[in-house]
Amino acid sequence: MTKDAVTDLATLVPGLAEHRILVLGDLTLDEYLYGKATRLSREAPIPVLELRRREVILGGAANPARNIVALGSQAMLVGIIGADPEGAQLHELVEAHAIDGTGLLTSATRPTTRKTRILADEAPRLPQQIARLDRLDRTPLHAEEEAQVLALLEQAIPHHDAVICSDYQLGLLTPRIVGRVRSLCAAHGTTFCVDAQGNSHFYEGADLFRCNNREAEAALGYALGTESDFARGLHQLRISLGAKLVIVTRGPDGLAIEGAGLAYHHIPAARVSEVYDTTGAGDTFIAVATLALSAGYAPLALAQLANTAAALVVRRYGNAVVTPDELRNALGSAA
């Protein structure tokens, strides 16, 4: 991409605001426990940490919603929480981040998904993750819960510019729900975007389909090692899914993109800073890409905006968001 093209991208950032995006997916409460290592345990060859602080932030499908709001657009969240303290805390965080939580449904049988990360924190070094404990339920929704989600979507999708399906494979995105999202988006001219961590075959007909290279390999059934592998794989994914645009993010190797009328391209990773934590980078990517698609931006511009935004959040620990000023400044620095 030329210097002028990168400079022009900074002028596109304001266009990411003032959109209405519905985020449908698996919700997570991300808990971080920071402790100071004081000694080795007598019970096992592990450090004993004395708890210093606890942080709780939104994760899963709630993270792209946070990014959408941070960039000046509106986000409605549709998902399931449990009738438990974690569900109440997740609901409070959604409200605190100015996300529309009217689509949050409470289940009497499913727990709120909680991911607990235990970290050794010793300044000035970065925190080091020691262990992670997940509490979750992967069973598909009950018929009654599925009907509630479908009713919400019937009401909400006509009033939104785009829908993001954020699939963490925790049971919410059933074939019936995905099929109804597809038909409602087609009927109302709503952009249908997907961030898939599996179940790729559910998402036929997406306007934008994103996954990472490992997930693409699982969907395709073969390894993606060379550029020719990626070119063949993206084309196969796009044709088999009937998608208008397919993006496979490749971590430090950037991303690969192919679309209807757009030949295969490899875009290197944006070198914004050191990489501290890749958690949530995909959520930021799909949020920015969806906003750019809603704004009518061209696929390569869309990909570069999302690529730069994802590079910004990996320099922070845990799920993070990018602001318009940060994104604009990063694009200007790249130019």
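## Threonine 28 and its contacts

Beyond its neighbours within four places in sequence, threonine 28 touches Ile57, Leu58, Gly59, Gly60, Leu90, Thr113 and Lys115. This is a predicted model. Threonine 28 is part of strand β2. Its relative accessible area is 1%. Buried means under 20%, so threonine 28 is buried.

Strand β2 runs over residues 27–40. It is among the elements that cover the buried residues of α2.

## Helix α2 and its cover

Helix α2 takes in residues 62–70 and is mostly covered. Seven of its nine residues are buried. They are Ala62, Asn63, Pro64, Ala65, Arg66, Asn67 and Ile68.

The cover comes from several parts of the chain. It includes the strands β1 (20–25), β2 (27–40), β3 (47–60), β4 (74–82) and β8 (162–167). Helix α8 (281–294) is also included. Just after α2 comes glycine 72, with a positive phi of about 95°.

## Histidine 19, in a loop

Histidine 19 sits in the loop between α1 (3–10) and β1. Is this histidine buried or exposed? Its relative accessibility is 10%, so histidine 19 counts as buried.

Which residues does histidine 19 contact, leaving aside those within four places in sequence? They are Ser73, Gln74, Asp161, Leu291, Ser294 and Ala295. Gln74 falls in β4 (74–82).

Histidine 19 and leucine 245 are 226 residues apart along the chain. Their C-alpha atoms are separated by 20 Å.

## Leucine 184, in a helix

Leucine 184 belongs to helix α5, residues 175–188. Its relative accessibility is 4%, so leucine 184 counts as buried. With neighbours within four places in sequence left aside, leucine 184 is in contact with Leu153, Glu154 and Ile157.

Glutamine 236 is 52 residues from leucine 184 along the chain. The C-alpha atoms of the two are separated by 26 Å.

## The cavity

How many cavities of 30 Å³ or more are there? The count comes to one. About 120 Å³ of space lies in the largest cavity.

Its lining draws on residues from Gly25 to Leu172. Gly25, Asp26 and Leu27 contribute, as does Ile80. Arg110, Pro111 and Thr113 also line the cavity, and Thr113 is one of the contacts of threonine 28.

## The whole chain

The protein has ten helices and 13 strands. Of its 335 residues, 53% count as buried. The accessible surface comes to about 14700 Å². Carbon and sulfur atoms account for 52% of that surface.

Along its principal axes, the C-alpha trace spans about 60 × 50 × 40 Å. A compact globule with 335 residues would have a radius of gyration near 20 Å. The protein has 20 Å, so the two agree. Among contacts between residues at least 6 apart in sequence, 68% join residues at least 24 apart.

Note on methods:
Residues numbered from 1 in each chain as written. Predicted model: local features only at pLDDT ≥ 70, side-chain atom pairs only at ≥ 80, totals over all residues. Heavy atoms only, no water. 1 Å grid on protein atoms, 1.4 Å probe; cavity = no way out; pocket = protein on both sides within 12 Å on 5 of 7 lines; lining within 4 Å. Points joined across faces, edges and corners; volume = space filled by probe spheres on them. Helix = DSSP H or I, 4+ residues; strand = E, 2+ residues; numbered from the N terminus. Rg over C-alpha atoms; globule rule 2.2 N^0.38 Å. Buried < 20%, exposed > 50% of the residue type's maximum accessible area, 1.4 Å probe, protein only. Contact = heavy atoms within 4.5 Å. Areas by Shrake-Rupley, 256 points an atom, 1.4 Å probe, with all protein chains shown as cover.
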